Amino acid sequence: MPWSDYTNMITKIVVEEDVNGIGQMAFCELPNLNTVVLADSVDELYGYNFKNCTSLTDVAFNENVFVEEWAFAHTSITTP
């Protein structure tokens, strides 16, 4: 992860249009991440994308997104 030196500083992630999926474990282990906003173009969240993002409470994404099991492992987010 190119942002590994900044993991404690990241509080918000915004994924903009033209991104279809986020690689497995892309944003895991960000302890101060509390907000994620995903563009409507994102159609799949892979396993452990946001694992151990223990401060994550606010996630906005298209209702048609396929969320793989464990995408939000060890967070307070629940998905249908």
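**Reading the rings and strands**

Modeller: Let's start with the rings: the structure holds 4 aromatic pairs, where rings of Phe, Tyr and Trp (its six-membered ring) pair if their centres lie within 6.5 Å. Take F50 and F72: the centres are 5.3 Å apart and the planes are at 10 degrees, so the pair is stacked. Planes under 30 degrees apart count as stacked, over 60 as edge-to-face and the rest as tilted.

Colleague: Where in the chain do F50 and F72 lie?

Modeller: This pair links distant parts of the chain, 22 residues apart: F50 is in the loop between β4 (44-45) and β5 (58-60), and F72 is in the segment after β6 (66-67). Strands here are DSSP runs (E, at least two residues) and helices are runs of H or I with at least four, numbered from the N terminus.

Colleague: Before we go on, what sort of model is it, and how are residues numbered?

Modeller: It's a predicted model, where local features need pLDDT of at least 70 and side-chain atom pairs count only at pLDDT 80 or more, while totals for chains, interfaces and linings use all residues. Residues are numbered from 1 along each chain as its sequence is written, and side-chain values use heavy atoms, with hydrogens and water left out.

Colleague: Are F50 and F72 buried or exposed?

Modeller: Buried means under 20% relative accessible area, exposed over 50%, and partly exposed in between (1.4 Å probe, protein chains only). F50 has 0%, so it is buried, and F72 counts as buried at 8%. F72 also forms a stacked pair with F61, at 6.5 Å centre to centre and 15 degrees between the planes. F61 sits in the loop between β5 and β6, 11 residues from F72, and counts as partly exposed because its relative accessibility is 28%.

Colleague: Which residues do the ring pairs link into a cluster?

Modeller: The cluster holds W3, F27, F50, F61 and F72. W3 lies in the segment before β1 and is partly exposed, at 26% relative accessibility. Leaving aside residues up to four places away in sequence, W3 touches I10, A26, F27 and L30; contact means heavy atoms within 4.5 Å.

Colleague: How should I read the side chains along a strand?

Modeller: In a regular strand they alternate between the two faces of the sheet.

Colleague: Which strand does β1 run parallel to?

Modeller: Two strands pair if DSSP finds at least two bridges between them. For β1, 4 bridges join it to β3 (residues 35-38) in parallel, with T35 as the bridge partner of K12.

Colleague: What is the strand order in the open sheet?

Modeller: That sheet has 3 strands in the order β2-β4-β6, paired in parallel. Its edge strands are β2 (21-22) and β6, each pairing on one side only. Between β2 and β4 there are 2 bridges, and I22 stands opposite L45 in β4.

Colleague: How many helices and strands does the whole chain have?

Modeller: There are 0 helices and 6 strands. Buried residues make up 36% of the 80 residues, and the C-alpha atoms fill a box of roughly 30 × 25 × 20 Å along the principal axes.
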